[in-house]
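Have the sequence and the model side by side. The paragraphs below go through selected residues and elements in turn.

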Amino acid sequence: MKRILYLFMICLAMASCKKDSFVSDFDQKPEERMAESIASVTNTLTSAPNGWIATLPTNAGGAYGFYMAFDENQNVTMYADLNDNTAKTLGKSTFRVKSVLGTELIFDTYNYISMLADPNNSVFGGAGNTGFKSDVEFTYVRSTPDSIFFIGKAYRQTLAMVKATVAQKAAYTAEGLKTSSDKLKSFFATTQNPYIEVGTGSSLVKAGLSVNFTNVLASGKRTTLTGILADGKTVVSATNKIALTTDGISMTSGGLVFQGVTLVKFAWKDGTTLAMYDVAGKEYIIKSSPIPLTPLPLLFGYPTNYAYRKISIGGTSPIAGGAMLPSGITSQFNIIYQALVTRLAGLTPARTIVGISFALTSNSTAVVNISPNNGTTTFSANATFNYSITDGVITLTSPVYDGNWTARGTEYDGIKNFFLSGPFKIDWVTSTSNNVGLIGGLYRTADVSSFMYGTL
């Protein structure tokens, strides 16, 4: 009996040794796995011989493009499309790859990525306390042979990095990002009402294209396509955040999806021809139109599903010599406007016009505003109307004038009489100048040569 018990204990011990041996051979401790992951990510980042081209959307603003090169001493150098300076000046900082809740890439000294997260809005124009809602710490997600992906710890935006070629590295180091940015901005500044054609036959949509290169939180670093379907009434639109590169413009977050087509980039077909390209590589040449493609009545209205609700002359702060009408446009309204300028200039003290606007302020109320400045103070005079819109024709009724308006009744009579002479057809206005932007007008249906006009 003792012999049998002894043999059983030996077998049990041997089985235990085999189990321990199995764990040792085929399992790793968590710290060993994390060490391998850190080493793998670090090696991937530092072993790209020509660096990386990266894109990063922000949570509160648009997206941004970077060129980065990582070295084995935990240094990172970069260019970025934040502004002209970051596009041409090499930024230097340090980075770490460490394990917290996963493998993380941390930019641990201030750099161009840090500017997007800076809570001081005087640094880059982000919101106070939150900046552009962007990260400096990113969790590793996955890799492919030529790419690596991270996600921001706080704001969950994807930092996507693709290995650069020899030519791309040379372009970035030769201030190519600024050169590319300048060329793109010039193209859109001089191309009137750009658009692309999507689809064929009865499904063809001419989609107006806008690209906002600014860093404005709500609208900057974005591109938008807007078109009208075959029924002539349905407006379709799509927007995507963009990042600039030395080759053109990259879409972020998988691309811009418009009418079932996923557009992923802008690139130059030749020295002067810019095109968009979809995920399959199909080309969409950017063309020009003398007026926007979508009828303005489909875009002008209340509430927020309309793109526009206001026509403005001038701005919101005093302008030396007064606000100016957009150039290159002839209308009988020009005479009315100039008469107002002359009358205000003849007052003591003289006044200049800061702005005039027509705005829909509710589903039934419209306001005509005149804002003069006497050299020290800007006043606001309002005429409030009831309105209705039918097939793009606006009818104004029941005007009510506030105290600032009635105080300048004689000077404002020309503007007053114009808005009492409706109804008005809302439509686009063309200019002989290419630099005035989108202009909308209120055309008197009784005399289409007389229309109030301004920027939308």
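Asp 81 touches Tyr 64, Gly 65, Thr 86, Leu 177, Lys 221, Ala 243 and Leu 244, residues up to four places away in sequence not being counted; contact here means heavy atoms within 4.5 Å. The model is predicted, so local features need pLDDT of at least 70 and side-chain atom pairs count only at pLDDT 80 or more, while totals for chains, interfaces and linings use all residues. Residues are numbered from 1 along each chain as its sequence is written, and side-chain values use heavy atoms, with hydrogens and water left out.

Asp 81 lies in the loop between β3 and α3 (84-88); helices (H or I, at least four residues) and strands (E, at least two) are DSSP runs numbered from the N terminus. Asp 81 counts as buried because its relative accessibility is 8%, buried meaning under 20% relative accessible area (1.4 Å probe, protein chains only). Its side chain reaches the backbone nitrogen of Gly 65 at 2.8 Å.

Strand β3 (residues 75-80) runs antiparallel to β4 (residues 91-100), and 4 bridges join them; strands pair if DSSP finds at least two bridges between them. Met 78 has Gly 91 in β4 as its bridge partner. Both strands belong to a closed barrel of 8 strands, β1-β2-β3-β4-β5-β6-β7-β8, with antiparallel pairing.

The largest nonpolar core has 42 residues, of which Phe 358, Leu 396, Ile 415 and Phe 419 touch the most other members. Such a core is a set of buried Ala, Val, Leu, Ile, Met, Phe, Trp, Tyr and Cys residues joined through side-chain atoms within 4.5 Å. A second, separate core of 33 residues includes Ala 87, Tyr 172, Phe 187 and Leu 225.

Notes
Buried < 20%, exposed > 50% of the residue type's maximum accessible area, 1.4 Å probe, protein only. Polar contact = N/O pair within 3.5 Å; in protein donor to acceptor, adjacent residues only side chain to side chain.
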